[in-house]
Amino acid sequence: MTGEIASTTAFPNPEREPKNYLNAAWTVRSWLLTVDHKRIGLLYLAGISFFFFLGGAAAVLFRLELMTPHADLVEAETYNKLFTLHGIIMIFFFLVPGIPGVLGNFLLPIMIGARDMAFPKLNLMSWYLFMIGGTFTIYVTIAGGVDTGWTFYTPYSSTYSNTYVMATAVGIFITGFSSILTGLNFIVTVHKMRCPGMTWFRLPLFVWANYATALIMVLGTPVLAITILLVALERGLKIGIFDPRLGGDPVLFQHLFWFYSHPAVYIMVLPAMGVISELVAAFSRNRIFGYKLVAFASLAIAVLGFLVWGHHMFVSGQSLYAGMVFSVLSMLIAIPSAIKVFNWTLTLWRGEVTFSTPMLYSIGFLGLFTIGGLTGLFLATLGIDVHVHDTYFVVAHFHYVMVGGTVMAYLGGIHYWWPKMTGRMYPEGWARFSAVLVFVGFNLTFFPQFILGYLGMPRRYHVYDEGFQVLNVMSSAGASILGIAYLFPITYLIWSLKYGPKAPANPWNAVGLEWMTSSPPPTENFTETPVVDFEAYEYHRNPAGAHG
Amino acid sequence: MNTEFQIFPDAASTAAGKVDALYLFMVVLSVILSAFVAGLVLYLAVRYRRANKVNRAHVDHGNTIEYVAMAISFPILMGIFIWGAKVCFFLFRAPEHAMPITVVAKQWMWKFQHADGRREIDTLHIPTGQPVKLTMVSQDVIHSFFVPAFRTKQDVLPGRYTSVWFEATEPGEYRLYCAEYCGTNHSRMVGKVVVQSPDDFARWMSGDAASDEPPAETGRKLFEQFQCGTCHRPANEEGARGPTLENLFQSRVPLAGGQTVAADETYLRESILRPAQKQVAGYQQIMPTYEGQISEEGVMHLIAYIKTLGAPLAAKREEPKTPAPATEPAAVEPTAAPATKDNAANESEGNAP
């Protein structure tokens, strides 16, 4: 603190505070027209946080409605619009763009020792497309909502619904291009922008995971765009594609939709797996157990993910033999996921474990993702899926994967890299408390739904049988806890921007290129191009006693 | 009926035990694996916490552990798959002698019709000990027929027939849900299945509630009303402009393109509503479309009638090998319609001769 005296002057001395990407320029224009991947990451953070709380608010409302078996708080139509809004926002405007948009954009170039993405302007365009798509969704919300469910099953969506289907479809269509461009940028960046010495098998697993994700984004998202276009054609021009009254096939829609939307599950969860690899390694001070297998598991999931869509359609009238093929492939995709869980766990072995907030989220992730994955096996099993399909069992399962997995990892990652992104430390006590609260609230919300599902309570029910009430009240109580638990981080993280202690370059004493530059990093990431002569997670070369 | 707090659903069909056994096996397996992962995470995290003095010497290891884990998990996964597939075959393969009921679903209502013509809305009466097969179609959007106590479910599609079967074991009233989101009142598209002992069911079937005309009879009237017989003549008549409908059901029909198609309910429905879709070999495409002119119920009645056209011969051909091909009880008796009520009662006691 040599500059203590200088800081009393009213005018900040530009010589004192080293230039970084945040203080490089202060104008609104410098943010809205930035091509700096780190600033774009923060733009995503703002957009995504907004949508997360909008989608969460919808969930709080319908969980309140579900406190009683009768219609009391909202009407059926409103209820249907609420769960549709929740699904569309959380999937297309939070889970899919979330980790790649915020953490991927911020970290990918730094982790590979690059100055920026391969296509910085395209990167900014991705954000604008995301926001334009989001604007359509906000317009739909204000104008009166949409009631098709996020799955848009035909012919309900294409012919029967009287809500704002077209505007929603346009929003998702546009946002899809944001996803495609981000994927393209990631792929090219990883291939062409790695610094000297950064070989493929020295890449952090977060990069591997985002690379695999990018492949799915580029290959899968166009199918979603086409599908939405076909729904729009049928709805707008009465061209018969899905509605049998116009000569179409309603099940065709489900094939096309799930051909994107099942791989999209991996778009949502693979980056989360990447985050967990970083977190577990850093807080066990250990190289990820079986690094290569974890990397290849990401690719295996990306490839197999394209071959399992039919497990959403076991009772759709699909042939039993097709069902068998999809069942067996869905069983196989459990193997790479299981390998990852296994390897994260064994990374703790002979490590040096500390329980900072990101590690608490990681441990939570391991437990919840395991339950999410195992219940996925129930659904891949033909004989069980027939009974639990379209019940709360499915709702519980995918929330364990999406919220218990992706959201836990996202929050863990935000905490872990917060010092790097903002140059400030967050308050550890509050953060640990919130992490525990999220875990408790989550389980209370979603575990009872497994029981409800096997009992036979169908999903998307506005009113329900009285026998289901006890479990629904538990779920709603958990949702309130979860809702409050999410308010803590947004509050103390914003608080920390002004009042948090200044972060050193490497607050966790972690390895990896992002910790070898200042916090926050300079606009060009590194003052000189790094040269990598070490493996990923080389903690054994940098043992606990040696740091300082 | 689902008004009291439960944590496990009623079991009232022959499938329930099979599904539950598999489910409970999976639950036990999952609890063991989750406990193993959680226990291992907590044990390692505590043992290797920073404050603890333990051996942390770096060990270079191969991937043996992972390969062993894969080798163990693969056969377990395949075992689960095979078990699941077996249960699923049971769920979706209806026995030959199942009692037929037709279902037309619409926003937001279930319409049932028994083989003797008796109609029900949102309530379905069935006997215990008798397999029941529902042939279902939707008038509008996709619905899904779901009776949790029977552990089975099948989407009900517009434009195509799907079917589901079950054999109830316990008398009682069980909830029927629409499981596929179908619009505003999706959660009110519920009903009940009333399972009765065979005696009670027979009594209910002969009860004084006004009985409707048998579907095949309604179908015959529709057949005459639309003058289908002008072109679709009996097989022994020369010069008919359309293919004969005798013995058509469940035969293989040669098409103009050289393929053949199985004449099931879905094919018959399509050929009535959109005859140009699959043109029968040797005939001109002169039949007009009946799309929008005949209701889904009407089409089901016509199909019931068409089935009777094939019946006498088909019954004679198959008699030596199998008991009655009872997809349509009316079809069993050459003497036709009036006998159906007794017939259904006979079948419910499981003694179709």
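This section describes the confidence, the chain contact, the helix packing and selected backbone features of a predicted model.

The prediction carries an ipTM of 0.91 and a pTM of 0.89. For chain B the average pLDDT is 84, and 86% of its residues score at least 70. Within that chain, residues 311-353 have a pLDDT below 50, yet this stretch has 70 contacts in the model beyond near neighbours in sequence. Chain B comprises eight helices and twelve strands. Of its 353 residues, 40% are buried. Among the contacts in chain B with a separation of 6 or more, 65% are accounted for by residues 24 or more positions apart.

The contact between the two chains involves 67 residues from chain A and 70 residues from chain B. On the side of chain A that touches chain B, at least two residues each are supplied by helices H3 (76-111), H5 (156-160), H8 (250-284), H10 (320-332), H11 (334-347), H12 (357-380), H13 (382-388) and H15 (428-455) of chain A. H12(A) provides the largest share of this side, with eight residues. Classified by residue type, the side of chain A that touches chain B consists of 40 nonpolar, 20 polar and seven charged residues.

H12(A), which contributes to the contact with chain B, also packs against helix H14 (residues 392-422) of chain A, at an angle of about 160° and with the two axes 8 Å apart. Angles over 145 degrees count as roughly antiparallel, and H12(A) and H14(A) are therefore roughly antiparallel to each other. Their crossing is left-handed. The residues of the contact of H12(A) with H14(A) comprise 14 nonpolar and eleven polar residues, with no charged ones.

Two cis peptide bonds are described here, one in chain A and one in chain B. In chain A, the bond from Ser519(A) to Pro520(A) is cis, with omega near -15°. Pro520(A) is located in the segment after helix H16 (469-499) of chain A. In chain B, the bond from Gln107(B) to Trp108(B) is likewise cis, with omega near -10°. Trp108(B) occupies the loop between strand E1 (99-106) and strand E2 (109-114) of chain B.

Positive phi values in residues other than glycine are found at Lys238(A) and at Asn509(A). For Lys238(A), phi is near 60°. This lysine lies in the loop between helix H7 (205-237) and H8 of chain A; H8(A) is among the helices that supply residues to the side of chain A touching chain B. Lys238(A) has 12 other C-beta atoms within 10 Å and is therefore exposed, the limit for that class being 12 or fewer. For Asn509(A), phi is about 55°.

Technical notes:
Residues are numbered from 1 along each chain as its sequence is written. Chains are lettered from A and ligands numbered from 1 in the order in which they are written. This is a predicted model: local features need pLDDT of at least 70, side-chain atom pairs count only at pLDDT 80 or more; totals for chains, interfaces and linings use all residues. pLDDT is the predictor's confidence in each residue, from 0 to 100. Two residues are in contact if their C-beta atoms, placed from the backbone, lie within 7 Å. Helices (H or I, at least four residues) and strands (E, at least two) are DSSP runs, numbered from the N terminus. A residue is buried if 20 or more other C-beta atoms lie within 10 Å of its own, exposed if 12 or fewer, and partly exposed in between; C-beta atoms are placed from the backbone. Ala, Val, Leu, Ile, Met, Phe, Trp, Tyr, Cys and Pro count as nonpolar, Asp, Glu, Lys and Arg as charged, and the others, Gly among them, as polar. Axes are lines fitted to C-alpha atoms, for helices over the stretch in contact, and angles run from 0 to 180 degrees between N-to-C directions. Angles under 35 degrees count as roughly parallel, over 145 as roughly antiparallel, 65 to 115 as roughly perpendicular and the rest as oblique. A crossing is left-handed if the near helix is turned anticlockwise from the far one by less than a right angle, and right-handed if clockwise.
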